[in-house]
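Keep the picture open while you read.

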Amino acid sequence: MNTFIVTRLILKDWYLNRPLFVAALFTGLLTLGAVSAAKGTQIAVILGVIVLATILIGMGAVIMSSMVNERRQQTLPFVMSLPVSYLEYTTSKLAGSLLIFFVLWLALLSGMIATILVTPWFPHGLIPFIVIMAVEILVTTSLIAAVSVTTESQGWTIGVTQVGGLALNAVGFSIARMPSIGHTMSGPTIQWSSASIFILLAEFMLIALMIGIAFYVQSRKRDFV
Amino acid sequence: MTDLAVQFAGVTKKYPHFALTDIDLELSTGGIMGFVGANGAGKSTTIRILMGLVHQDCGTVDVLGHAMPMQQAVAKRDVGFVSEDMRLYGPLTLAWHMNFVRSIYPGWDQRYAEDLLRRFDLKVEQKIKGLSHGQRVKAALLLALARRPRLLVLDEPTTGLDPVARREVLSELMAVLADEERTIFFSSQNTLDVEQISDQITFIDRGRIIESANKESFLDRWRRMRLMLPPNAVLPRLPGIVEVGGSARLPVLTVSRFEPAMVAACQDAGVAVQAVDAMTLEEIFIVNVQNRREREVA
């Protein structure tokens, strides 16, 4: 693996995505500020969570579809004219896209946790649920990335993004109804139950599995352009 | 160390509705191969295999001594590639693209790049999306040439260019030819372009190589013989007659293996040779393809 060329390609994608990244980060931080300023009003909290989730899922879809765009905009022959193998290209796309998204994700998740901890309006017991749902967004994004990379199809990428968004609601609803998580959400302390740890582990395993499958499928492809 | 820059041996690639069959090609270091074929003949597929972007089903491909597609990353360090369907990043400037490519290729020649900027009349600060098609092709060519590649692979680079832009691109290619170590593989539908710059010509049709030889040999071997056949005279049996046209009294023979002795053979048979015309590469290509297709049908 030529890490030099992979790094150059990641930096290229970072540069191409930077206006979108800055806009999403700015909007996310603005939303957190607005939620804090609303002093824990229920409607503000609900709206804030919806906006943040939309930013993350939307940005995830946009960043992850960069491989589809590379083909659609016919820049793939230019990239593949460089001294790079297709596996190195795949690595740069997956690692680069997930890294860009991860930085945004981490910034917004940290901001959300900080808002909960610093302001007196929110119960600290909400944090495990927030973390599980944030990692679920990471799972959805990894799924979009895997589908985008392997199918290079805009239709499939859009379809998976929509299904992922719907699944996120279902997962959130189900987790909130689990007694070991739901009953502690409004409490004053953070409680990591064995169920919440298990769900987090399962989510990270799913992320690893999807990335692994994406690499496996790519390594078996014979035609790239 | 081989003196072949490109070597295809028995390469086959099958798709549901198209097959590239038994491709054998050899391009020596420093040679310029014009790869001519109609739309859908298999030019781009061959070039994609050459670049390692498509894996052949069978056969071997060596580029600059590297087996493709396995060693494509190493081989492409010395290859400059420009294709008609290649686009640069629209929102970014030419300067960004130059810096990007320069950061990857240690052999990037900045002085030459600046020289090409002037010759192509390109502005580095201009965004790619603001360039015309001709300017985009020139920008892609600049990015490929300034790497100082040992092998330049051009897939229909002049398609869609206006006559002025086409001439500029071709004249720059001619200048590149001054470097005898540089090898060029140039595909085009435009036989005039190929005739201008190539020293070796390969025709491809329906996924098969139908002829490959050096340009002079092509142009020397193919002739149109305009004859006048007196009553009761019979055309002599001549080698390499590809097509017989004209009328019964004034036949026109297209021959692929012309020799001056053919004129004498006609005259000995009482047939008057009115003219022996040289053929353009386009005429040779068309007759060659038609002849092959007719033979396939038969």
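## A bridge across chain A

A:Glu152 and A:Arg71 form a salt bridge, and their closest N and O atoms are 2.3 Å apart. This pair ties together distant parts of the chain: A:Glu152 is in the loop between helix 6 (127-151) and helix 7 (154-176) of chain A, while A:Arg71 belongs to helix 3 of chain A, 81 residues apart. One thing to keep in mind as you look around: this is a predicted model.

Are the two partners buried or exposed? A:Glu152 has a relative accessibility of 11%, so it counts as buried, the cut-off being under 20%. A:Arg71 is partly exposed, with a relative accessible area of 32%.

## A buried pair and its network

Now look at A:Glu70, also in chain A. Which residue does A:Glu70 form a salt bridge with? The partner is A:Lys93, and the closest N and O atoms are 2.8 Å apart. Here too the pair links distant parts of the chain, with A:Glu70 in helix 3 (residues 66-72) of chain A and A:Lys93 in helix 5 (residues 86-118) of chain A, 23 residues apart.

Both ends are tucked away: A:Glu70 is buried at a relative accessible area of 3%, and A:Lys93 is buried at 2%.

## Over to chain B

Chain B has a salt bridge to show you as well: the side chains of B:Glu168 and B:Lys138 meet at 2.3 Å, N to O. It joins distant parts of the chain, since B:Glu168 is in helix 6 (residues 163-176) of chain B and B:Lys138 is in helix 5 (residues 133-145) of chain B, 30 residues apart. B:Glu168 is partly exposed, with a relative accessible area of 29%, whereas B:Lys138 counts as buried at 8% relative accessibility. Across all chains, the count comes to 19 salt bridges.

## A hairpin and a negative patch

Finally, find strand 1 (residues 4-15) of chain B, which pairs with strand 2 of chain B in the antiparallel sense over 8 bridges. A hairpin joins these two strands through 2 residues.

B:Glu26 lies in strand 2 (residues 18-28) of chain B and is partly exposed, with a relative accessible area of 45%. Together with B:Asp3, B:Asp22 and B:Asp24, B:Glu26 forms a negative surface patch.

Note on methods: Residues are numbered from 1 along each chain as its sequence is written. Chains are lettered from A and ligands numbered from 1 in the order in which they are written. This is a predicted model: local features need pLDDT of at least 70, side-chain atom pairs count only at pLDDT 80 or more; totals for chains, interfaces and linings use all residues. Side-chain values use heavy atoms; hydrogens and water are left out. Patches are made of residues with over 30% relative accessible area and no salt bridge: like charges are joined within 9 Å, nonpolar side chains (Val, Leu, Ile, Met, Phe, Trp, Tyr) within 5 Å. Accessible areas come from the Shrake-Rupley method with a 1.4 Å probe; for residues, only the protein chains shown count as cover. A salt bridge is a side-chain nitrogen of Lys or Arg within 4 Å of a carboxyl oxygen of Asp or Glu. Lys and Arg count as positive and Asp and Glu as negative; His and the chain ends are not counted. The place of a charge is taken as NZ of Lys, CZ of Arg, CG of Asp or CD of Glu. Helices (H or I, at least four residues) and strands (E, at least two) are DSSP runs, numbered from the N terminus. Buried means under 20% relative accessible area, exposed over 50%, partly exposed in between (1.4 Å probe, protein chains only). Two strands pair if DSSP finds at least two bridges between them.
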